[in-house]
Amino acid sequence: RRISGFIGGWLVDSESGIVVASEGGTGDFDLEAILTANIGVARANFRAIESLKLTDSVEDILVSLGKQVHLIRPLERSPKVFICVALDRDTANPGLARIQLKRVGQSLSL
C-alpha cells in the first residue's frame, strides 16, 4: 500500500487462481477485473516459458496501460505464486515499484 500510485494489490496462486491476500486502494476501479486479467497474463507468461523449454524464470511482468501500470512479480521461493499491484500511471514510479515488490516478495515465506 505504500507504493506510490497504489490502486490495489494481490497475492495469488496462479495455478488455482486463489487470492491468498488482497488490499484494495481508492478510486473507481474494478479491482476484480484487474485481478482476473493479470492472472491470465501471468499464466500466459508461465506457459510460454514452459512451451519454449527455457531454463529461465519470470522476474516480473510490467503491463503499461493508458491510465494504469500493472506489475506482476512471482515469488522466488514459490514461482507459481505472485504479487500483483495496479498503480495509477500519473503518480506511480514503476522502477521504484519493482524494487519495493522485490523486497516484499523476499520477506514472504510461502
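Colleague: What covers the buried residues of α1?
Modeller: The cover includes β1 (6–13), β2, β3, β4 and β5. Buried means under 20% relative accessible area, exposed over 50%, and partly exposed in between, with a 1.4 Å probe and protein chains only. Helices (H or I, at least four residues) and strands (E, at least two) are DSSP runs, numbered from the N terminus.

Colleague: Before I go on, what sort of model is this?
Modeller: It's a predicted model, where local features need pLDDT of at least 70, side-chain atom pairs count only at pLDDT 80 or more, and totals for chains, interfaces and linings use all residues. Residues are numbered from 1 along each chain as its sequence is written, and side-chain values use heavy atoms, with hydrogens and water left out.

Colleague: Back to α1, then. Which residues of α1 are buried?
Modeller: Ile34, Leu35, Asn38, Ile39, Ala42, Phe46 and Ile49. Looking down the axis of α1, they fall within an arc of 135°, so they line one face of the helix. That arc is taken from the directions from the helix axis to the C-beta atoms.

Colleague: And which exposed residues sit on the face turned away from the buried side?
Modeller: Thr36, Arg47 and Ser51. Just after α1 comes Lys53, with a positive phi of about 55°.

Colleague: OK, new topic: what order do the strands of the sheet take?
Modeller: The order is β2-β1-β5-β4-β3, in an open sheet of five strands with antiparallel pairing. Two strands count as paired if DSSP finds at least two bridges between them. At the edges are β2 (19–24) and β3 (61–64), each pairing on one side only.

Colleague: How many bridges join β3 and β4?
Modeller: Four, in the antiparallel sense, with β4 covering residues 68–74. Ile61 stands opposite Ile72 in β4.

Colleague: Where does α2 pack?
Modeller: Helix α2 (residues 94–107) packs on the sheet, touching β3, β4 and β5 (81–88). Contact here means heavy atoms within 4.5 Å. The direction of α2 makes about 30° with that of β4; axes are lines fitted to C-alpha atoms, for helices over the stretch in contact, and angles run from 0 to 180 degrees between N-to-C directions.

Colleague: Last one: what pattern does the protein follow along the sequence?
Modeller: β-β-α-β-β-β-α, which comes from two helices and five strands. Of its 110 residues, 36% count as buried.
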